[in-house]
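Subject: Handing over a structure, with notes

Dear colleague,

I am passing this structure on to you, and I would be glad if you read the notes below with the model open beside them.

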Amino acid sequence: MEGQTMEGQTMEGRIKYLNREENYGYIETYNRKVGDVSFRLVDGKLQVDDTVSFLLQRSQNGKYYARNVTLVERNEIRRSTEDKLAWCAEGQREEQDFVNTVVPHLHRDIIINPKKKTDPYAIDLEDRGQGRYADLKKQTTPFFTAAGKDPRYDPRFTVTFNRKDYERYRELYPGCDIYYWVDWQQLSGYGVSIQPLTGVWVASFASMAALIESGQLYLHQYDHRKTDDVNAKDSYLFDLRHPIFQRLL
């Protein structure tokens, strides 16, 4: 409702800017209503791109600002997983790398989707040989706590698929394929250790959707996105050993 305030809420965001000389910075909240908020820099160890927790306050002139800013401990990757623009740019580099270095070993006629030149949100790839679109999911950090969420999952073989992607592809690309390019670069976290795993798997979106709609999959709610209205809030967990996945490399 109009006039409502979010003052007093504990939120999370990404440090977007720091001025160490004048001891202040800005946090990107990933909340359209709040926007970027300023804060006084007290902890000199904080860095740009760190994920932080803070108490949202409002000044007398109605502007939001942050207090009690503290670092949120996450995986070894310092870049916030909520920094959508940075991850989109990284995704574009990965798509080109996949087409240039991996596709030649797959013996498939796969290119970057030409529609991405005018629509950055178009699906990643086009498989000209099979006459359908495809999406690329490159995953480098294991879901270490998967078994704790549901004992059916082994973190070494667990991959994620955003519910937002499921809903979007069901409407726009129901006949597409989903490629998982896995290369675990971190082998321990949250008290869990796994063996290395590198490879490429593919599944039809239709088969993944059928599993989702059967209610068999665990739907993980992202702890760091509770006040986020930009990024996906939850993902389904898939096991690469399931028969719907074909290992290509």
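An open sheet of three strands has the order 9-15-14, and its pairing is antiparallel. Strand 9 (158-162) and strand 14 (219-221) are the edge strands, each of them pairing on one side only, while the twist averages 40° from one strand to the next. Strands and helices here are DSSP runs numbered from the N terminus, with at least two residues of type E for a strand and at least four of type H or I for a helix, and two strands pair if DSSP finds at least two bridges between them.

Before going further, please note that this is a predicted model, in which local features need pLDDT of at least 70 and side-chain atom pairs count only at pLDDT 80 or more, whereas totals for chains, interfaces and linings use all residues. Residues are numbered from 1 along each chain as its sequence is written, and side-chain values use heavy atoms, with hydrogens and water left out.

Within that sheet, strand 14 and strand 15 (residues 234-239) are joined in the antiparallel sense by three bridges, and leucine 219 has tyrosine 236 in strand 15 as its bridge partner. Helix 3 (residues 163-172) lies across strand 9, strand 14 and strand 15 and runs at about 55° to strand 9, whereas helix 4 (residues 205-214) lies across strand 9 and strand 15, at about 105° to strand 15. Axes are lines fitted to C-alpha atoms, for helices over the stretch in contact, and angles run from 0 to 180 degrees between N-to-C directions; contact means heavy atoms within 4.5 Å.

Elsewhere in the numbering, strand 1 (residues 10-19) pairs with strand 2 (residues 24-28) in the antiparallel sense over five bridges. The two form a hairpin with four residues between them, and asparagine 23 in the turn has a positive phi of about 60°. Tyrosine 17 stands opposite tyrosine 26 in strand 2, and tyrosine 26 in turn has serine 38 in strand 3 as its bridge partner; strand 2 and strand 3 (residues 36-40) run antiparallel and are joined by five bridges.

Asparagine 19, which is found in strand 1, is buried, with a relative accessible area of 14% (buried means under 20%, with a 1.4 Å probe and protein chains only). Its side chain makes a polar contact with the side chain of tyrosine 17 at 3.5 Å, and the side chain of asparagine 19 also reaches the backbone nitrogen of glutamate 22 at 3.0 Å. A polar contact is a pair of N or O atoms within 3.5 Å; within protein, one must be able to donate a hydrogen and the other to accept it, and residues adjacent in sequence count only if both atoms are side-chain atoms.

Technical notes: Buried means under 20% relative accessible area, exposed over 50%, partly exposed in between (1.4 Å probe, protein chains only).
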